[in-house]
Amino acid sequence: MIQPNIPTPREGRRLPPGVREAARLPARLLALGLPLGPLRLLRTRGRRSGRTHVVPVVVLRHRGRTWLVSPFGDTAWVHNARADPRAELEHLRRAHAVELVEVTGAERLAVLRRYRTRFAAIGYVRTAFAGTPLHDDDAMAHLAARHPVFAVSSAPAVRTARTVQTAPGSPA
């Protein structure tokens, strides 16, 4: 079994105290194939090391698409996704090859608003978005600059140590 590693970002913001440690248990449970609501394991390739990095992320479905939001700003997985948009999302021990495309502008604001309302019960989401009025465009635009948003789309299979599911119609 691949042990999830929860990297600490070297540049940009640091994770709030305790987040790295708190992420270990859900990451292990997800790696065992246990369903944990909207949580999935995200595998990215390290932009400098080339090693596989695995972190738990919350997946948002909005307007018929799948989205990833970084509530902690420019973390290691964000930098890795910017360097190489190919990644894998794992759910129930099945990995799916995906491509992560960062979005900006009005689309980013709409996704952040939905993320904030949909996952308001999650403590770190509440903390990350605390004090920002939901319908104040200026406040949300300021907030959007600190929270990267990625559209998730299916990608052709990438050969890895685990079996990867391909998108229908994608060459295997």
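In strand β3, Trp-67 is the bridge partner of Leu-60. The model is a predicted one, in which local features require pLDDT of at least 70, side-chain atom pairs count only at pLDDT 80 or more, and totals for chains, interfaces and linings use all residues. Residues are numbered from 1 along each chain as its sequence is written, and side-chain values use heavy atoms, with hydrogens and water left out. Helices (H or I, at least four residues) and strands (E, at least two) are DSSP runs numbered from the N terminus, and two strands are said to pair if DSSP finds at least two bridges between them.

The pairing of β2 with β3 is antiparallel and comprises four bridges. These two strands form a hairpin with two residues between them, and Arg-63 in the turn has a positive phi of about 55°. Strand β2 is mostly covered, with eight of its eleven residues buried; buried means under 20% relative accessible area, exposed over 50%, and partly exposed in between, for a 1.4 Å probe and protein chains only.

Strand β6 continues the set of pairings. Four bridges join β3 to β6 in the antiparallel sense, and Thr-66 stands opposite Val-152 of β6. Strand β5 is likewise antiparallel to β6, with six bridges between them, and Glu-99 stands opposite Ser-153 in β6. In a regular strand, side chains alternate between the two faces of the sheet.

Consider next helix α2. Six of the eight residues of α2 are buried, so this helix is largely enclosed by the rest of the structure. The buried residues are Ala-76, Trp-77, Val-78, His-79, Asn-80 and Ala-81. Their cover includes β1, β2, β3, β5 and β6.

Ala-81, which belongs to α2 (residues 76-83), illustrates this setting. What does Ala-81 touch, not counting residues up to four places away in sequence? Its contacts are Leu-100 and Phe-150, where contact means heavy atoms within 4.5 Å. Ala-81 is buried, with a relative accessible area of 3%. The C-alpha atoms of Ala-81 and Val-101 are 8.1 Å apart in space, although the two residues are 20 apart in sequence.

The structure holds two aromatic pairs. One of them, Trp-77 with Phe-150, is tilted, at 5.6 Å centre to centre and 50° between the planes. This pair links distant parts of the chain, since Trp-77 lies in helix α2 and Phe-150 in strand β6, 73 residues apart. Both Trp-77 and Phe-150 are buried. The rings of Tyr-115 and Phe-119 have centres 5.3 Å apart and planes at 65°, so that pair is edge-to-face. Tyr-115 and Phe-119 are both buried as well. Rings of Phe, Tyr and Trp (its six-membered ring) count as a pair if their centres lie within 6.5 Å; planes under 30 degrees apart are stacked, those over 60 edge-to-face, and the rest tilted.

Tyr-115 is also one of the buried residues of helix α3, together with Arg-108, Leu-109, Ala-110, Val-111, Leu-112, Arg-113 and Arg-116. Helix α3 (residues 105-118) has 14 residues and reaches 20 Å from its first C-alpha to its last, close to the 20 Å expected at 1.5 Å a residue; the expected span is 1.5 Å times one less than the number of residues. What covers the buried residues of α3 includes the strands β2 (52-62), β3 (65-69), β5 (94-103) and β6 (149-154), as well as the helices α4 (123-128) and α5 (137-144).

The totals place these details in context. The protein has five helices and seven strands, arranged from the N terminus as α-β-β-β-α-β-β-α-α-α-β-β. Of its 172 residues, 45% are buried. Among contacts between residues at least 6 apart in sequence, 63% join residues at least 24 apart. The accessible surface comes to about 9,200 Å², of which 53% belongs to carbon and sulfur atoms; these areas come from the Shrake-Rupley method with a 1.4 Å probe, and for residues only the protein chains shown count as cover.
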